[in-house]
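Subject: Structure for your review

Hello,

Here is the structure I said I would pass on.

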Amino acid sequence: MNVLELEAVQTHIGAYHILHGVDLAVPEGEVTMLLGRNGAGKTTTLRTIMGLWAASAGRVSFKGQPIQGRPTPEIAQAGIAYVPESMGIFGDLTVQENIVLAARNARRASELDSARLDWIFGLFPALKKFWLAPAGKLSGGQKQMLAVARAIVEPRALLLIDEPSKGLAPSIINNLVSCFRELKKQQTTILLVEQNFMMAKALGDSVAVMDNGRVVHSGRMAELAADEGLQQRLLGLSLGAHQ
Amino acid sequence: MIARLLSHDLPRNRWLAAALLLIVVGLAVAPFAFPGSKALGVAAKMLVFILLVASYDLLLGYTGIVSFAHTMFFGLGAYGVAIASTQMGAGWPAVALGLAAALAVSLALALVIGLFSLRVKAIFFAMITLAVAAAFQTLASQLSDFTGGEDGLTFKNPEWLSPAFEYGRLLSYYLLFVAVLVLFLLLLRIVNSPFGRVLQAIRENDFRAEAIGFRTVVYRTLSNVLSAGFACIAGALLALWLRYTGPDTTLSFEVMLDILLIVVIGGMGTMYGAVVGAVLFVFAQNYLQDGLKLAAGALDGVPVLSALLTPDRWLLWLGVLFVLSVYHFPTGVVGRLRALRQKAAR
Amino acid sequence: MKLGAFDWRPLILLVGLMLLALPLVGAPSTWLTLTVAGLAMGLIVFVIASGLTLVFGLMDVLNFGHGVFIAMGAFVATSVMGGMGAWVASPSLLLNLGAIFAAMLAAMAVAGGIGWAFERVIVRPVYGQHLKQILITMGGMIVGEEVIKVIWGPLQIPLPLPEALRGSFVFGDTAIEKYRVLAVIIGLLVFGALLWTLNRTKVGLLVRAGVQDREMVESLGYRIRRLFVGVFVTGSALAGLGGVMWGLYQQSVTPQIGAQVNVLIFIVIIIGGLGSTLGCFVGALLVGLMANYTGFLAPKVALFSNIGLMVAVLLWRPQGLYPVTNR
C-alpha cells in the first residue's frame with residue numbers, strides 16, 4: 001500500500017516552472033530516498049506535498065485521499081510531519097517550548113508523553129542537557145536533532161525530511177540513522193531527501209531519483225546500490241565514494 | 001509632435017485622451033469660461049494639486065516608495081515664499097529668494113531622508129516620514145513669530161500678481177497654468193527616460209535591480225529629491241495664488257490624505273492619473289458638498305441616512321470610494337480606462 | 001543549564017534616563033511627579049501599541065488605521081460615562097471605578113468588534129501587499145473617523161474624571177495625580193496579563209513562534225489565520241482600552257484622536273522592534289518619560305524629543321531595542 005502518491009504533479013513558483021510532472025509512490029512502512037543533483041526539484045516536491053507551494057497540476061494523495069490544494073495546517077493534521085532543510089527552529093523559544101509546540105496534544109510540558117520523551121532523549125542526549133536553553137543558541141547539529149525530535153514527539157504516519165545530515169558530524173549522522181531505523185520499526189513511513197549516499201544506502205528501501213523537475217528513476221535501493229553504471233548516469237558519482 | 005511633447009507617453013485610450021484634452025482646454029480658458037472668483041479658485045487649486053500629486057506619483061507610483069513627508073515639502077515652498085514676502089516686503093526678489101531657499105532646504109531634507117532609508121526597512125521608512133511630517137507641522141505652529149503660527153501668514157504679492165493690479169488675478173492664474181503645464185511635461189520626460197525606467201525596475205524588484213548593477217539607494221534618493229523639489233514649487237505656486245499660507249493649507253494630514261486619495265483613485269504610476277484624479281477630487285470637494293446638501297435635504301427626517309449624507313461628511317464617501325478603489329481599481333481610473341481598450345482589442 | 005543571558009541594555013537605558021533626569025530637574029519631588037506622569041503616559045501608550053506590534057510581527061500586516069480603535073474606544077467611553085453620570089459624580093471611589101470599568105469593558109467590546117470587521121473586510125483581502133495595506137488601512141481610518149463624527153458629532157467632547165479620582169496624592173512637596181496612579185496600575189496589569197499569556201499558555205507560544213516563522217507553525221498543524229484574527233481583535237480591544245485611558249488622561253476626546261496618537265504609537269513600536277512586546281513596553285516608557293522630562297526642561301524641544309529618541313535608538317539598533325529574530 002502506498003501511503004503517498006504523486007501523479008504528474010507540476011509546480012510553478014511565480015514565472016518559474018520547477019516541477020514538470022512528478023510521479024512518485026511512497027510505500028507504507030518504508031524509507032524512500034529522494035535523490036538528485038542540486039536544483040533537481042527535491043525540496044520543491046516536499047514543499048508541494050506539504051501545501052507550502054500549490055501544485056499547478058496533478059494529484060497528490062495521502063492514504064488514498066487527495067491533498068493537493070489543501071491548506072498546510074490541514075495536511076499536517078492529517079498525519080504528515082515536515083522537517084525542512086532550514087530546520088525551522090524557533091530560535092527565541094526554548095528547546096522545551098519547541099517540543100511542546102510540535103506536540104499538538106500537549107498544552108504544556110507536563111502533558112508530554114514521558115515515555116516518548118525519554119526515547120527522544122535517549123537518541124539525542126543534547127536535547128535533555130539544553131532543555132531550557134533558547135533553541136537559537138544550539139549548535140547546528142543540535143538544532144537538527146531538535147528539528148527531527150519535533151517531528152517524532154507524537155506518532156505521525158509520514159515524515160518528510162529534507163537533507164538532515166547536511167554539515168553534520170558523522171557521529172550525529174549515526175544518531176539520525178538509528179532514529180530513523182527505530183521509526184521504521186514503529187511503522188512510520190519516511191520520505192527522505194539526502195545527498196549523503198552512505199546514509200542513503202544504509203537506510204533506503206525504495207529510491208526515486210529526480211532531475212530537472214521529474215522523477216527519472218524509481219525502484220529498490222538495493223538494485224541502485226549494486227549498479228555502479230546506473231549510479232554514474234543518474235547521479236554523476238558512485239555510492240562508494242564518501243560525500 | 002504632440003507625442004514628442006508628451007515624451008511618447010500617450011494616453012492610449014480614447015476616453016482618457018478626450019478627458020485630458022477637455023481638462024487642459026478647460027483650465028486654459030477658465031478665467032473666461034467660468035466667471036466668478038470661486039470657479040477660478042477651484043481651477044487654481046486643481047492646477048496646484050495636479051503638480052503636487054504628479055510629483056507624488058513619481059515617488060509612489062514609479063519608484064514604489066510610500067512617504068508621508070510630501071506635505072512637508074509642499075509647506076516649505078509655500079512658507080518660503082510667504083516668509084520672504086513678509087520679511088523682505090512684497091516683490092519678485094522676495095519670491096525668488098523665498099523659492100530658492102525653500103528649494104534648497106527641501107532638496108537637502110529629501111537627501112537626508114533618502115539616505116536614511118539605507119538603514120531601515122520600507123515599513124520603518126513610511127512610519128518615520130509620518131513622524132517627521134507631524135514634527136514639522138508642529139514646528140511651523142510653534143515658530144509663530146516667523147511663521148504666523150496657527151493663523152499663518154498673509155502677505156502681498158509682487159505688483160503684477162496682486163489683485164490691486166487690473167490683470168493681477170488673471171496673470172497669477174496663467175502663471176500657475178504655464179508653470180504646472182511645463183513642470184508636468186517635465187515630469188513626463190523624467191519618468192519616460194532611462195532614469196524613470198530604472199525606477200520602475202526598482203519598484204518591481206529592488207533586489208534584482210541591485211543585482212543587475214543599479215545602486216538602488218542612489219536612484220531612490222534621487223527620486224525622493226526630485227519629488228520633493230516639484231512639491232516645493234507647487235507650494236510656492238499655491239502661496240502666490242492664495243496670498244496666504246498656514247499649517248492647514250499645506251502641512252496638515254488632511255492634505256496628505258487628499259494626495260493619497262487622488263493618486264490611488266486617479267491611478268498610480270501613470271502621471272495622467274494625477275491630472276484626472278486632481279480635477280475630479282477638487283471638483284468633488286467643492287461641488288459635491290452642494291450635491292450632498294441636496295440629497296440631505298431630500299432625506300431630511302430619515303434618521304441615519306440624513307446624518308450620513310450631510311455635506312460635511314463628504315470625506316466619508318470619498319473614504320469608502322478610496323477603499324473600494326484600492327481593491328477593485330488598483331490601477332485607478334486611468335488604468336481602468338486603458339485596460340478597457342485592451343479588452344476591446346482582443 | 002540556561003544558555004544566553006537576557007539583554008539588559010535597553011532596561012538599563014530606561015533606568016538611566018530616569019536617573020539622568022533627576023539632577024537635570026533638580027527637585028526630587030518634581031522629578032517624582034514627572035516620572036509618575038511619564039510612566040502613566042508610557043503605559044497608556046503601551047496598552048494601545050501592544051496589539052499593533054504583535055499584528056505587525058505575527059502577520060506582517062501594516063495597519064495604519066489602528067487609530068480608529070483608539071478613537072472608538074474613547075468615544076464609547078464618553079457615552080457610557082455620560083450615561084452613568086450619578087456614579088461618576090459620586091464621591092465613592094467604588095462607584096467611580098465601577099463607571100470607569102464599565103466604560104472600559106464597553107470600549108473594549110466595541111473596539112474588538114470593529115477590529116473583527118476591520119480584519120475581515122479591510123485587511124484580509126490584502127495580505128502580503130504592503131503598499132495596499134498602508135493605503136487601505138488609512139482609508140479605513142478615514143471612514144471610521146467620519147462615522148464617529150456622524151454618531152458623536154465633529155467637535156471635541158469632554159471626558160471628565162470621576163469625582164474621587166480628581167486631584168492628587170500629596171506627600172510633602174510631591175503631588176502625584178490620582179488618575180495617573182490608576183493608569184500605571186492598569187497598564188502594569190495589562191503588561192502582566194500579556195506576558196503571562198505569551199509565556200505560559202499554548203496560544204502565547206503559538207504567537208511567539210508565529211512571529212518568527214509563520215510557515216513552520218502551519219507545518220506543525222496550526223491554523224495560524226485563526227490565531228491572527230484573535231490577535232487582531234485583542235489588539236483592537238486593547239487599543240480601545242487605551243483610548244479610554246488616553247481620553248481620561250486628556251479629559252477630552254476629539255475625532256482626530258486616532259490620527260494624533262497613531263504617530264506616537266508608530267514611533268514606539270519602531271523603537272521597540274516590530275513584534276516584540278517587551279520592546280514595545282520599554283519603548284513606550286521611554287517615550288512617555290522623555291515627553292514629560294523635556295516638557296518640563298525644554299518645552300520647545302519636547303515635541304521633537306520623540307523623533308530624536310527614535311533616531312538615536314535606530315542608530316544604535318536599526319531593528320529596534322528588542323528585534324525579533326525573523327526567518
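Two residues are taken to be in contact if their C-beta atoms, placed from the backbone, lie within 7 Å. Please keep in mind that this is a predicted model.

Chains A and C

By that criterion, 25 residues of chain A are in contact with 19 residues of chain C. On the chain A side, the elements that give two or more residues are helix H2 (72–77) and helix H3 (95–102). Sorted by class, this side of chain A has 14 nonpolar, 5 polar and 6 charged residues.

Chains B and C

Between chains B and C, 31 residues of chain B are in contact with 31 residues of chain C. Four helices of chain B each supply at least two residues to the side that touches chain C: H7 (122–142), H14 (253–266), H16 (303–308) and H17 (314–328). Of these, H7(B) gives the most, with 12 residues. The class count for this side of chain B is 25 nonpolar, 3 polar and 3 charged residues.

Of the 2 pairs of chains that touch, B and C have the most contacts. Chain A and chain B do not touch, and their nearest C-alpha atoms are 13 Å apart.

Sheets in chain A

One open sheet of chain A has 6 strands in the order S6-S7-S8-S3-S9-S10, with mixed pairing. Its edge strands, each pairing on one side only, are S6 (80–83) and S10 (214–220) of chain A. From one strand to the next, the twist averages 15°. Within this sheet, S3 (residues 31–36) and S9 (residues 206–211) of chain A run parallel and pair over 5 bridges. A:Thr32 has A:Ser206 in S9(A) as its bridge partner.

Another open sheet, antiparallel in its pairing, has 4 strands of chain A in the order S2-S1-S4-S5. Here S2 (16–27) and S5 (65–66) of chain A are the edge strands. S1 (residues 2–13) and S4 (residues 55–62) of chain A form an antiparallel pair over 6 bridges, and A:Glu5 stands opposite A:Ser61 in S4(A).

Which strands does H1(A) lie across? H1(A) lies across S1, S2 and S4 of chain A, at about 75° to S2(A). Helix H1 (residues 42–50) of chain A also packs on the sheet that holds S3, S6, S7, S8 and S9 of chain A, touching those strands, and its direction makes about 145° with that of S7(A).

Regards

Notes:
Residues are numbered from 1 along each chain as its sequence is written. Chains are lettered from A and ligands numbered from 1 in the order in which they are written. This is a predicted model: local features need pLDDT of at least 70, side-chain atom pairs count only at pLDDT 80 or more; totals for chains, interfaces and linings use all residues. Ala, Val, Leu, Ile, Met, Phe, Trp, Tyr, Cys and Pro count as nonpolar, Asp, Glu, Lys and Arg as charged, and the others, Gly among them, as polar. Two strands pair if DSSP finds at least two bridges between them. Axes are lines fitted to C-alpha atoms, for helices over the stretch in contact, and angles run from 0 to 180 degrees between N-to-C directions.
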